[in-house]
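The stops below are given in the order in which to select them.

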Amino acid sequence: MKRLNILILAAGKGSRFGEITKKKPKILIEFKGRMILEYQLEVYSQLKNKDMFIVGGYKIKTLKKILDKKKIKIIENKNFNTTNMYYSFLKANKLLSQKRDLLLVYGDIIFKKYLLNKLLKKKNPVAISVDKNYMTYWKKRMKNPMSDLETLKINKKNNVIEIGKKTRRKSDIQGQYIGLIKFNYKNFDLIKKMIKKFNRENLNYKKLYMTDFIQYLIENDVKVAASCHYGNWQEFDKPNDLKINNFNLNKK
């Protein structure tokens, strides 16, 4: 396999967890006896030709102590309190100048290996992992799933044509983006051009989400592939998420 850069976004405070994240960033929260980071690293261990980076911010000294032992390079987002995922992504813009595909991963998710393997096979300029069985999972997480879910529409060519908008119609939701994105290095020049244009047109870009940028790419005719699967992942956004098992952790 060709070389791959893995970028984990883990700068945020995770304030919804209250006391649980008082002394550590969310990626170091324990779930079933292991840190979220450890679950992710186990998945990446199958990849031989990789370099790993984490964008940290909140409690970065605590994170550094863990990462130094694991030889993972850390990139700091000093403005983590006033920025969002997209800005953390920009802090690692040097990775868009290397001839290596870039895997971007949210630091508050865990997932099975096959989800990653399927995503990495996509040839589009951009590809994202999409859970088609999202409603089963969201019903476990909250009483009113539609209050939290966002649009995701896919065309017949399996390309995403809309993402990240609020809706009350289930028909607008053909799956849910889980926080895994692959950028094809052959299209890095195009992506960098889109970044400059996006930042110029959005004065509040520092506070925007990755889904805002993905939607912008779609609107500017950049092909975004959907790598679809059914469950086998989970997100940690609130304390209640630590009580849910969305897949068998012991199976690959």
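Start by selecting Asp 237 and Arg 16, which form a salt bridge with their closest N and O atoms 2.9 Å apart. This is a predicted model, and the distance comes from its coordinates. The pair links distant parts of the chain, 221 residues apart: Asp 237 sits in the segment after strand 13, and Arg 16 in the loop between strand 1 and strand 2 (30-31). Is Asp 237 buried or exposed? Asp 237 has a relative accessible area of 16%, so it counts as buried. Arg 16, at 54%, is exposed. By the rule used here, the count for the model comes to twelve salt bridges.

The largest pocket holds about 1300 Å³ of space. Which residues lie closest to its centre? Of the 44 residues in the lining, they are Arg 16, Asp 108, Tyr 209, Glu 235 and Asp 237.

Strand 11 supplies the largest share, with four residues. Colouring the lining by class gives 17 nonpolar, 14 polar and 13 charged residues.

Now select strand 9 (residues 150-154) and strand 10 (residues 160-166). The two run antiparallel and are joined by four bridges. Ile 154 has Val 160 in strand 10 as its bridge partner. Five residues lie between the strands of this hairpin, and Asn 158 takes a positive phi near 65 degrees.

Stay with strand 9 and pick Lys 153. Its salt-bridge partner is Asp 172, with the closest N and O atoms 3.6 Å apart. Asp 172 is in the loop between strand 10 and strand 11, 19 residues from Lys 153 in strand 9, and this pair too is described as linking distant parts of the chain. Asp 172 is buried, with a relative accessible area of 8%, whereas Lys 153 is partly exposed at 22%.

Asp 172 also forms a salt bridge with Arg 169, and here the closest N and O atoms are 3.2 Å apart. Arg 169 counts as exposed, at 51% relative accessibility.

Seven strands make it up, in the order 5-4-1-6-11-8-12, with mixed pairing. Which strands are at the edges? They are strand 5 (73-76) and strand 12 (224-229), each of which pairs on one side only. From one strand to the next, the twist averages 25 degrees.

Strand 4 and strand 5 run parallel and are joined by four bridges. Val 55 has Ile 75 in strand 5 as its bridge partner.

The last stop is helix 1 (residues 36-44). How many of its nine residues are buried? Seven are, and the helix is mostly covered. To show them, select Ile 36, Leu 37, Tyr 39, Gln 40, Leu 41, Val 43 and Tyr 44.

Conventions:
Residues are numbered from 1 along each chain as its sequence is written. This is a predicted model: local features need pLDDT of at least 70, side-chain atom pairs count only at pLDDT 80 or more; totals for chains, interfaces and linings use all residues. Side-chain values use heavy atoms; hydrogens and water are left out. Buried means under 20% relative accessible area, exposed over 50%, partly exposed in between (1.4 Å probe, protein chains only). Two strands pair if DSSP finds at least two bridges between them. On a 1 Å grid over the protein atoms alone, a cavity is a set of points where a 1.4 Å probe fits but cannot get out, and a pocket is an open set with protein on both sides within 12 Å along at least five of seven lines; lining residues have an atom within 4 Å of a point. Grid points are joined across faces, edges and corners, and a volume is the space filled by probe spheres set on the points. Ala, Val, Leu, Ile, Met, Phe, Trp, Tyr, Cys and Pro count as nonpolar, Asp, Glu, Lys and Arg as charged, and the others, Gly among them, as polar. A salt bridge is a side-chain nitrogen of Lys or Arg within 4 Å of a carboxyl oxygen of Asp or Glu. Axes are lines fitted to C-alpha atoms, for helices over the stretch in contact, and angles run from 0 to 180 degrees between N-to-C directions.
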